Amino acid sequence: MKKNILVVDDSALMRMVMCDILKADDRFHVEDKAKHGKEALELLSQKKYDAVVLDVNMPVMGGLELLKELQTRKIPARVMMASTDTREGAKVTLDALELGAIDFVHKPGNIKNCRTEEFQENFLTTLDAVASSKEPVFGRAFNLDSIKTTKKFVSMVKKHTVTGNKIVAIASSTGGPKALQAVIPKLPKGLNAPVVLVQHMPVGFTKSLAERLDSLSEVMVTEAKEGEILEKGHVYLAKGGMHMNVTSDQRRSCIHYSNEPTREGVKPCANYMYESLVNSPFDQVVCVVLTGMGADGTEGIRNLKAKKQTFVIAQQENTCAVYGMPKSVVKAGIVNQIVELDNVAQEIIMNVGVK
């Protein structure tokens with residue numbers, strides 16, 4: 001059965017291009033079109049769609065204003081944003097993800113580039129994941145009360161010694177930017193391990209995500225730089241468009257980027273990150289697999305686990321936007337613990353300790 005889609009964009013040409021892409025794919029049916037958020041709100045108040053393709057900048061009511069109205073009126077909708085890759089576009093996209101959008105595609109500035117095979121494949125794959133996802137939960141992932149509870153937990157962990165030289169390696173995709181706000185801000189400044197993180201995002205968006213997470217967190221969060229030495233209490237987010245690895249000698253571990261083709265259809269790919277830790281000096285790798293489509297992380301963790309002590313945490317299905325990547329590691333039989341999103345940070349802290 002085809003998935004019914006609502007396309008919202010103020011450009012008649014862009015609406016036509018996106019509708020043409022959708023009509024050429026058996027999985028989708030363009031149920032309705034709207035030229036601004038107000039029209040879309042009226043439609044969403046009356047009908048239910050499998051997914052909404054939503055532009056950001058529109059007259060009368062823009063994309064963010066529509067998302068806020070949907071939150072206020074508690075109208076559930078699975079939304080895929082069509083965003084530009086400008087600095088401002090990246091910030092607005094993160095705002096949209098916080099307001100309930102599930103994922104986004106980078107909309108080329110040149111309409112001709114929307115006709116390319118690469119854009120069409122990414123557009124359709126992302127939309128299929130969004131249409132298959134769980135309906136978004138109203139409210140923000142960043143929660144001060146939850147962080148206060150975690151701080152009480154941290155004070156308890158400080159009383160117990162956790163031995164060993166450890167590293168945390170996190171993988172996330174669809175629904176990840178919002179899920180990460182329920183994990184990273186809960187990590188204490190004295191976390192006794194560095195954290196490397198792959199979130200599937202294109203070039204131009206990861207720096208803004210790192211800055212957003214850093215502004216909410218005690219730990220330092222940055223987009224990882226080539227050659228950077230890993231330090232405890234620091235989260236290193238992989239740069240979009242490159243594969244992030246960890247290279248090590250006997251004294252230290254550093255960030256190293258490589259430019260192989262996409263793997264699992266993504267770049268950065270978490271599999272490379274996990275496999276690069278095989279020869280690292282860390283006694284244990286705490287692997288965390290959060291919400292996301294596909295199976296990235298499974299092969300890398302399996303290869304890592306064969307040669308190094310690992311502890312694998314998977315996000316529980318009912319708290320995932322898309323239960324793809326966590327499901328894959330669970331089915332592979334390589335998971336030590338399955339936990340709800342709100343408890344992921346506590347499990348990380350329990351496993352690596354606090355200085």
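Me: So two strands count as paired if DSSP finds at least two bridges between them. How many bridges join β7 to β9 in this one?

Reply: This is a predicted model. In it, strand β7 (residues 195-199) and strand β9 (residues 234-237) are joined by 3 bridges and run parallel.

Me: Which residue is opposite L197?

Reply: L237 in β9.

Me: Which helix packs on the sheet there?

Reply: Helix α8, residues 206-216, which touches β7, β8 and β9. The direction of α8 makes about 175° with that of β8.

Me: What's the strand order of the whole sheet?

Reply: β8-β9-β7-β6-β12-β13-β14, which is an open sheet of 7 strands with parallel pairing. β8 (220-223) and β14 (337-339) are the edge strands, each pairing on one side only. From one strand to the next, the twist averages 20°.

Me: Helices now. At what angle do α1 and α5 cross?

Reply: Roughly 70°, with the axes of α1 (residues 12-23) and α5 (residues 117-131) coming within 11 Å. An angle of 65 to 115 degrees counts as roughly perpendicular, so α1 and α5 are roughly perpendicular to each other.

Me: Which residues make the contact?

Reply: From α1, M18, I21 and L22; from α5, F119, Q120, F123, L124 and L127. By class that gives 7 nonpolar, 1 polar and no charged residues.

Me: Switching to α3. Which of its residues are buried?

Reply: In α3 (residues 63-73), G63, L64, L66, L67, L70 and Q71 are buried. They line one face of the helix, because they fall within an arc of 160° seen down the axis of α3.

Me: What follows α3?

Reply: K74, with a positive phi near 55°.

Technical notes. Residues are numbered from 1 along each chain as its sequence is written. This is a predicted model: local features need pLDDT of at least 70, side-chain atom pairs count only at pLDDT 80 or more; totals for chains, interfaces and linings use all residues. Side-chain values use heavy atoms; hydrogens and water are left out. Buried means under 20% relative accessible area, exposed over 50%, partly exposed in between (1.4 Å probe, protein chains only). Helices (H or I, at least four residues) and strands (E, at least two) are DSSP runs, numbered from the N terminus. The arc is that of the directions from the helix axis to the C-beta atoms. Axes are lines fitted to C-alpha atoms, for helices over the stretch in contact, and angles run from 0 to 180 degrees between N-to-C directions. Angles under 35 degrees count as roughly parallel, over 145 as roughly antiparallel, 65 to 115 as roughly perpendicular and the rest as oblique. Contact means heavy atoms within 4.5 Å. Ala, Val, Leu, Ile, Met, Phe, Trp, Tyr, Cys and Pro count as nonpolar, Asp, Glu, Lys and Arg as charged, and the others, Gly among them, as polar.
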